[in-house]
Amino acid sequence: MLWLYLDFYQLTLDAALHQPLQTPMIVYHPADNRIMQCCQQAQAAGIEVGMGMAQAASLSPSLKVLNYHSDMEAQQLSAIAHQLYQIVSDIVLLPPAHLAIRLDSHLRYYNGLTPLWLTLKNELQRAGRHYHYGSGWSVESAKVLARARCNRLLAAPAAIRQQLQNTAIEHTDLTDKQKQALNRVGIRNLKTLLNLPATELGKRFHNDLIRYVCALNGSKPSPVTFFRPAENFHRHQELSYEADKTAQLIPWLHSLLNELMIFLRLRNTCTAHVYLTLHFRDEAPLKLDVRAATAMAHQKEWQALVELKIEQIVLPAPVVAIALASGTLEEPNGQSNDFFEDRFEYFNQMQLIGRLQARLGAERVLQPQEQNDYRYEPVPRAVANNVSIPALPGYPALCSPIPFPLAQPCRITYGPLRLHTGWWDEQPVCRDYYIAVTETGQYLQIFKDPGQGWFVHGWYC
Amino acid sequence: MNDAEFSLLQLPGIWRAKEGLNVSGCTRQETGHRELDKALNGGFPPSGLVRIRSHLGIGELSLLQSIICQPKSQKLLVFVAAPGLVQAPWLKQLGVDLPQVYVIQPPNDNEALWATEQCLKSGACRMVVLWQTALQPKPARRLQVAATHNHTLCLLMESLQSSRLSLPVTLDLALHPSEQSLYADILKQQGGWPRENIPVRLQHTPDNSAIMKAMAAASPIYSGSSQAG
């Protein structure tokens with residue numbers, strides 16, 4: 001058996017970080033007076049996990065503080081499990097923030113470990129989750145490696161054994177009392193513990209410890225309960241800030257609707273009814289009922305309807321949380337057969353990209369992205385955001401990675417278009433761009449560099 | 001008509017040369033160019049391997065805008081081994097949904113063929129565009145079978161500089177520039193006759209005609225110089 005253990009170490013933070021923040025954000029456990037999670041900006045300010053509130057507040061004057069609730073993390077975890085259930089079926093939920101996934105049963109389907117792992121990784125990355133992971137022959141051994149932040153996918157038993165033996169005993173699930181008892185007989189690291197025969201341990205120690213060591217060894221795996229997706233969809237989302245305008249609710253709704261779509265796709269159903277509840281701090285929650293003429297399963301369709309509904313209402317107070325539930329689930333009717341096609345494609349797309357990346361390398365499988373810069377070549381400091389700039393007339397279909405000298409006679413049909421930009425970084429550009437036609441009818445994007453002559457940069461395919 | 005002949009004509013891949021393929025059963029994709037659609041029995045085939053021979057940059061992809069961008073489809077559009085970097089703003093101007101586009105830059109021709117075949121076989125793509133020179137008949141046959149079985153269109157872009165090999169394709173097109181815009185030659189098509197010199201009007205780049213007109217109106221001197229240029 002091969003298990004993967006995922007430790008989502010900043011689940012509350014990931015759920016809250018839908019949009020880039022101006023201020024550092026931390027997750028705080030009031031009962032323990034302990035910082036549980038902190039974002040990159042907070043880390044840059046010197047805040048660390050485990051600090052007290054007073055220390056954190058003294059390090060950064062403007063902190064955004066979220067309270068830690070373990071049941072909220074468990075909800076998030078269940079959402080992740082629903083999402084991953086599309087890729088792998090053997091998932092074990094370990095609330096509040098851990099998942100164990102059995103990998104060996106899917107190796108044949110995915111044609112190897114690397115494609116399977118890349119598919120999982122892509123899905124988690126798409127959802128914006130941060131995690132540490134480890135792999136082992138049992139849930140327990142994978143857990144120890146994940147806790148030690150191994151972050152490598154080991155499959156060979158020898159490699160797993162070696163990695164386990166080099167791990168400190170603190171990362172195991174042993175209680176302090178058990179550790180003390182082991183310490184008293186001279187067992188101070190995992191290597192000696194794992195090398196002891198179970199009968200020897202049995203003479204001195206309690207059954208619990210023997211059971212745990214056997215599970216760690218992989219000789220006797222402990223029973224697990226696999227995750228089953230819920231019968232009905234219901235999600236509750238606390239907002240990271242109080243929203244007093246309905247427009248601020250839209251991004252949260254998008255992610256909830258996306259989860260609903262995944263849920264529906266998984267069960268081959270659609271719904272004609274969605275319940276949306278807005279929670280306020282003091283006032284009674286506002287219940288909204290969104291109905292569609294026919295049962296739908298596409299996110300875009302529902303998004304448009306819910307946005308229309310949301311725009312109409314006036315908020316009596318700032319919203320602190322939203323909840324989304326599906327109405328009665330219906331079987332899709334025969335006429336909308338594209339519903340099945342879509343479901344089929346989603347799996348295939350995930351699988352295809354994983355397979356291509358595994359053989360060619362992730363850097364050879366790309367998605368074209370818009371950049372908020374007028375230069376035609378990729379700009380070094382990745383500005384691949386979705387802020388669009390006004391389009392220039394006539395973009396070439398293909399651009400040469402490096403412009404090359406123009407060598408054939410041609411006639412200018414359009415231009416000039418002067419680009420004078422990038423003086424603030426390493427790629428300053430001052431060029432006059434033209435469109436030219438060669439004698440063979442090719443439309444080229446050419447430019448004139450001051451003093452250096454004419455170059456071809458792109459083709460209008 | 002005897003029984004044997006009649007049953008043969010029931011097969012979807014068999015047709016009488018003088019009548020052409022009965023295309024009422026399968027949906028053709030219109031290119032939006034009337035003359036070309038007429039010559040192609042209504043448009044592009046919905047699946048299979050289609051070869052397009054042309055020089056790079058005469059508008060060979062913009063010509064097929066209506067086939068490349070299908071806003072309703074959720075499937076992927078994949079570009080394999082493009083001779084340059086595919087520009088996102090161009091795709092957006094065509095009307096393609098960017099998250100559905102993948103660009104694969106394989107290290108060599110064999111990997112490009114492998115990647116294309118994987119994309120076709122996965123059933124997750126609606127169209128794969130492959131740039132390859134001198135594709136041999138055997139790999140072409142593989143792509144053709146993969147594309148037809150999975151109802152995917154595979155465009156093979158080939159340079160006019162390479163010599164033309166006869167390939168098992170659904171449609172074989174060649175594009176030449178003309179005074180007006182483009183001529184399309186149908187070299188081979190399943191269920192129809194080849195045809196040459198089909199005029200296609202295409203305006204895929206902006207031009208300076210607006211400036212020329214304005215200048216000509218302002219002064220007769222400029223109108224003379226623009227004709228000379």
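Modeller: Let us begin with a term that we shall need: a residue is called buried when its relative accessible area is under 20%, exposed when that area is over 50%, and partly exposed in between. Please bear in mind that this is a predicted model.

Biologist: Is A:Arg149 buried or exposed?

Modeller: A:Arg149 has a relative accessibility of 53%, and therefore counts as exposed, given that the cut-off for exposed is over 50%.

Biologist: Where in chain B is B:Ala81 found, and what is its phi?

Modeller: B:Ala81 belongs to the loop between β2 (76–80) and β3 (85–86) of chain B, and its phi is positive, about 55°, although the residue is not a glycine. With a relative accessible area of 24%, B:Ala81 is partly exposed.

Biologist: And what of the peptide bonds: which residue does a cis peptide bond join to A:Pro416?

Modeller: As a general idea, most peptide bonds are trans. The cis bond to A:Pro416 comes from A:Gly415, with omega about 5°, and A:Pro416 is part of strand β15 (residues 410–421) of chain A. The bond from A:Pro95 to A:Pro96 is also cis, with omega near 5°, and here A:Pro96 lies in a loop, between β5 (91–94) and β6 (98–102) of chain A.

Methods:
Residues are numbered from 1 along each chain as its sequence is written. Chains are lettered from A and ligands numbered from 1 in the order in which they are written. This is a predicted model: local features need pLDDT of at least 70, side-chain atom pairs count only at pLDDT 80 or more; totals for chains, interfaces and linings use all residues. Side-chain values use heavy atoms; hydrogens and water are left out. Helices (H or I, at least four residues) and strands (E, at least two) are DSSP runs, numbered from the N terminus. Buried means under 20% relative accessible area, exposed over 50%, partly exposed in between (1.4 Å probe, protein chains only).
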